[in-house]
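Please open the structure in your viewer and keep the selection tool at hand, as this tour moves from one selection to the next.

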Amino acid sequence: MVPENPLRWTSRYGSLVTTVYGAGTADGINEAGLAAHMLYLDESDPGPRDPAPPGLQIALWIQYLLDCAGSVTEALELLAAVQLVPVEMRGFAATVHVALEDRSGDSAVVEYLGGEQCVHHGRQYTIMTNAPAYDEQLRLLDEQVRTLRELGHDAPDSDVPLPGNVNPVDRFQRAAYFGALPPRPADEQQAVAAVLAVTRNASVPFGAPYRSGRFATYNTEYRTVCDLAGRRYFLTSSNWPPARTCCGRNWTASTFPPARPS
């Protein structure tokens with residue numbers, strides 16, 4: 001809860017979301033074709049509370065944008081008028097950053113570092129994992145690309161020595177490499193399968209030693225894919241692999257892949 005000057009709003013759009021601990025929204029898509037995704041970022045810091053702008057509890061960050069924005073640009077404009085307020089969930093501070101994309105192909109990664117909003121806005125920003133902050137993540141990716149080129153790897157090849165551990169830097173670099181490789185899909189089924197293949201490659205398996213400190217092990221619990229043009233939302237749980245999809249204005253559920261006529 002935000003005790004002083006909390007943000008209040010009326011939803012413009014319906015949405016389908018994945019919630020976290022019943023306290024907020026971690027992922028979702030709205031009927032305008034805007035999608036949003038939240039991940040932990042230890043460095044996240046929205047700064048001390050200034051009661052002048054309306055306060056938005058950080059676990060509701062995504063839900064507010066999905067309720068009220070129809071595009072990435074509109075979402076960023078909305079954020080300029082509010083202040084994020086930290087919250088704890090199950091004893092941990094919800095220090096997070098957010099990725100946005102819309103049906104036009106626009107995308108953005110939004111972080112709050114040292115009380116300042118940091119935005120990477122453009123169609124090229126399509127990969128996000130966890131720490132470090134996005135500027136550093138991009139620097140490390142450029143450094144890895146230079147190293148590979150110095151080793152003679154100028155094009156994708158099965159012998160390219162990719163980072164293989166479960167830390168977020170290695171996973172970011174694998175996702176960037178494999179995310180650029182899928183061929184143009186012939187249909188939605190191929191597109192969803194290609195995205196899920198990349199995300200599985202960048203996921204954290206059960207029991208993997210993640211890191212010491214805050215989380216000794218933190219496996220990937222679910223994966224989602226958003227068809228922004230078709231307004232369809234696919235979710236697959238690590239505990240129950242078959243994917244589910246919700247779609248259209250009626251948001252009806254069905255299995256994926258769909259049954260083929262005989």
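Begin by selecting E136, R139 and E143, which are linked in a network of salt bridges in this predicted model. The side chains of E136 and R139 meet with a nitrogen-to-oxygen distance of 2.7 Å, and these two residues sit 3 residues apart in helix 3, about one turn of the helix. If you show the surface, you will find E136 partly exposed at a relative accessible area of 30%, R139 partly exposed at 39% and E143 partly exposed at 36%.

Next, select R232 and E188, which form another salt bridge, their closest N and O atoms being 2.9 Å apart. Because R232 belongs to strand 12 and E188 to helix 5, the pair ties together parts that are 44 residues apart in sequence. Is R232 buried or exposed? R232 is buried, since its relative accessible area of 18% falls under the 20% limit, whereas E188 is partly exposed at 24%.

Finally, turn to the second largest pocket, which has a volume of about 260 Å³. Among its 15 lining residues, select V145, L148, H153, V160 and Y177, the closest to its centre. Helix 3 and helix 4 each give two or more residues to this lining, and helix 3 gives the most, with 5 residues.

How values were computed:
Residues are numbered from 1 along each chain as its sequence is written. This is a predicted model: local features need pLDDT of at least 70, side-chain atom pairs count only at pLDDT 80 or more; totals for chains, interfaces and linings use all residues. Side-chain values use heavy atoms; hydrogens and water are left out. On a 1 Å grid over the protein atoms alone, a cavity is a set of points where a 1.4 Å probe fits but cannot get out, and a pocket is an open set with protein on both sides within 12 Å along at least five of seven lines; lining residues have an atom within 4 Å of a point. Grid points are joined across faces, edges and corners, and a volume is the space filled by probe spheres set on the points. Helices (H or I, at least four residues) and strands (E, at least two) are DSSP runs, numbered from the N terminus. A salt bridge is a side-chain nitrogen of Lys or Arg within 4 Å of a carboxyl oxygen of Asp or Glu. Buried means under 20% relative accessible area, exposed over 50%, partly exposed in between (1.4 Å probe, protein chains only).
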